[in-house]
Amino acid sequence: MDIILVMNNINPEIFSVFSQIDEDQTVPKNVKLKLKDAVTILQGEDKDIAFRIDKVLEGLDELCEDSNIPNYTKTQLWNLVSLLESLK
């Protein structure tokens, strides 16, 4: 269940963190599915990059509030939020 990465001028480190979370066996499936959706949104070209980043940030904020996510994964999610906010 690997995430296919197409960079689209986005920092490769962002996709690296997505992949690390995807490969982590302790992360619940529903979280991995939401992260795959986030990657798809970032890779899309139908909307402006700022809009896509905002959409992904909204989803990541929701995930960070989930009590079922391991603390280490939450830290990775916050790292993603920081990296994405730096693109704005």
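These are my notebook entries on what I looked up in this predicted model.

**Ground rules.** I number residues from 1 along each chain as its sequence is written, and I leave hydrogens and water out, with side-chain values resting on heavy atoms.

**Overall fold.** I looked up the elements and found four helices and zero strands, running α-α-α-α from the N terminus on; helices (H or I, at least four residues) and strands (E, at least two) are DSSP runs, numbered from the N terminus. Of the 88 residues in the chain, 42% are buried, where buried means under 20% relative accessible area, exposed over 50%, and partly exposed in between, with a 1.4 Å probe and protein chains only.

**Salt bridge.** My search of the whole structure finds one salt bridge, meaning a side-chain nitrogen of Lys or Arg within 4 Å of a carboxyl oxygen of Asp or Glu. Asp22 and Lys36 form this bridge, with their closest N and O atoms 3.3 Å apart. The pair links distant parts of the chain, Asp22 in helix H1 and Lys36 in helix H2, 14 residues apart. I noted that Asp22 is buried at a relative accessible area of 7%, and that Lys36 is buried at 17%.

**Leu33.** In helix H2 I also looked up Leu33, which is partly exposed with a relative accessible area of 49%. Leu33 lies 11 residues from Asp22 in sequence and 8.9 Å from it in space, C-alpha to C-alpha.

**Negative patch.** On the surface I found Glu58, Asp61, Glu62, Glu65 and Glu85 gathered in a patch of negative charge; such patches take residues with over 30% relative accessible area and no salt bridge, like charges being joined within 9 Å. Helix H3 (residues 49–64) brings the largest share of the patch, three residues. Glu85 sits in helix H4 (residues 71–85) and is partly exposed, with a relative accessible area of 45%.

Key: This is a predicted model: local features need pLDDT of at least 70, side-chain atom pairs count only at pLDDT 80 or more; totals for chains, interfaces and linings use all residues. Patches are made of residues with over 30% relative accessible area and no salt bridge: like charges are joined within 9 Å, nonpolar side chains (Val, Leu, Ile, Met, Phe, Trp, Tyr) within 5 Å. Accessible areas come from the Shrake-Rupley method with a 1.4 Å probe; for residues, only the protein chains shown count as cover. Lys and Arg count as positive and Asp and Glu as negative; His and the chain ends are not counted. The place of a charge is taken as NZ of Lys, CZ of Arg, CG of Asp or CD of Glu.
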